[in-house]
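Subject: Structure for you to look over

Hello,

Here is the structure I promised. Please open it next to this note; the findings follow below.

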Amino acid sequence: MSAGGDGAAGGGTDRDGDAPPRIDAGRVRYRREVGPEHVGRRVSLRSLVDDGEGPRPTDRVGRLLAWDDDAVLVVDGTGFVHVLDPTTVVASRLVPPHPRVPPEPEGGTPDRPLPREGARVLLLDDRDRVLLIAHLPGDGRRVWTAPGGGLDAGEDHAAAAARELREEVGIDVPLGPWVWERTAAFTFRGVRIAQHERWFLVRLGPGEAPDADALPIADPGTAGGRWWSGADLRAAAAPDVLAPAALPEALDALLRDGPPAAPVDVGV
């Protein structure tokens with residue numbers, strides 16, 4: 001579905017009895033002038049987001065950090081890094097700096113990573129296997145980590161974790177305790193990000209584990225999911241990388257001792 005239909009919606013009629021085109025809406029809807037060559041410039045991107053009730057247009061304004069076939073990264077004025085699927089971008093244009101709004105933060109380099117808050121769900125089935133999602137940072141590796149991602153505007157960590165669980169796994173269940181935290185700097189599509197994460201525990205009962213081959217996840221730069229046993233985690237080898245690297249030991253401790261009294265730092 002398009003944001004402006006065929007451009008013929010609007011009030012009034014022309015002399016032929018047809019509704020006249022909405023010029024401004026049509027220009028925004030169909031103008032496409034941003035591409036990889038505009039990295040570093042200030043842009044406005046309109047993408048279609050499906051919130052469960054069908055696609056709707058969403059506008060992002062900020063500094064373009066990266067653009068390739070799999071992902072578009074934009075940092076907005078609050079410092080939030082948006083990751084978009086380029087196939088959902090229906091309109092784009094370059095925009096000048098706003099005279100009364102501070103510019104978007106610089107950074108995204110190894111010496112100046114962009115800060116980002118994130119939330120993840122440590123999802124365990126009745127066999128103590130953990131569900132991990134494969135991410136493709138663009139360097140030949142598959143980085144396996146728990147379902148989750150960055151906080152949206154106005155969200156807290158728990159709300160973000162629950163939303164990511166619905167979007168990536170397709171289930172809506174109560175979250176358990178906040179058990180782990182992690183701060184890690186990583187490079188995604190050439191952009192350096194320093195992400196602080198809270199991990200929430202969710203345990204599923206018999207027959208409740210979703211099929212890892214049929215997850216609804218459609219995030220840019222992902223490559224599906226997999227249920228991992230403790231033995232699988234300990235046997236992981238290149239090009240598979242676990243995030244955090246201490247995941248096998250941290251999971252063993254959680255299964256042995258139960259949820260900690262206070263969140264445990266599980267490293268990078």
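Helices (H or I, at least four residues) and strands (E, at least two) are DSSP runs, numbered from the N terminus. Residues are numbered from 1 along each chain as its sequence is written. The model is predicted, so local features need pLDDT of at least 70 and side-chain atom pairs count only at pLDDT 80 or more, while totals for chains, interfaces and linings use all residues; side-chain values use heavy atoms, with hydrogens and water left out.

Start with Arg182, which lies in strand 10 (residues 178-188). Is Arg182 buried or exposed? Arg182 is buried, because its relative accessible area is 9%. Buried here means under 20% relative accessible area, exposed means over 50%, and partly exposed is in between (1.4 Å probe, protein chains only). Leaving out residues up to four places away in sequence, Arg182 touches Gln195, His196, Glu197, Trp199, Ala243, Pro244, Asp265, Val266, Gly267 and Val268. Contact means heavy atoms within 4.5 Å.

Strand 10 runs antiparallel to strand 11, and ten bridges join them. Two strands pair if DSSP finds at least two bridges between them. Ala185 has Ala194 in strand 11 as its bridge partner. The two strands form a hairpin with two residues between them. Arg189 sits in the loop between strand 10 and strand 11 (191-203). Its phi is positive, about 55°, although Arg189 is not a glycine. Arg189 is buried, because its relative accessible area is 15%.

Strand 11 also pairs with strand 6. These two run parallel, joined by eleven bridges. Leu124 stands opposite Arg203 in strand 11.

**Another positive phi**

Asp128 is in the loop between strand 6 (114-124) and strand 7 (130-135). Phi of Asp128 is positive, near 65°, in a residue other than glycine. Asp128 counts as partly exposed, because its relative accessibility is 31%.

**Cis peptide bonds**

Which residues does a cis peptide bond with omega of about 5° join? They are Ala238 and Pro239. Pro239 is placed in the loop between helix 3 (230-234) and strand 13 (240-242). The bond from Ala243 to Pro244 is cis too, with omega near 5°. Pro244 is found in the loop between strand 13 and helix 4 (247-257). Both Ala243 and Pro244 are among the residues that Arg182 touches.

Five strands make an open sheet in the order 4-3-2-1-5, with antiparallel pairing. At the edges are strand 4 (81-84) and strand 5 (89-94), each pairing on one side only. From one strand to the next, the twist averages 40°. Axes are lines fitted to C-alpha atoms, for helices over the stretch in contact, and angles run from 0 to 180 degrees between N-to-C directions. Strand 3 (residues 72-75) pairs with strand 4 over four bridges, in the antiparallel sense. Val72 has Leu84 in strand 4 as its bridge partner.

**A pocket**

A pocket is an open set of points on a 1 Å grid over the protein atoms alone, where a 1.4 Å probe fits, with protein on both sides within 12 Å along at least five of seven lines; lining residues have an atom within 4 Å of a point. The second largest pocket is lined by 13 residues, and Arg42, Arg63, Pro97, Pro103 and Glu104 lie nearest its centre.

Best wishes
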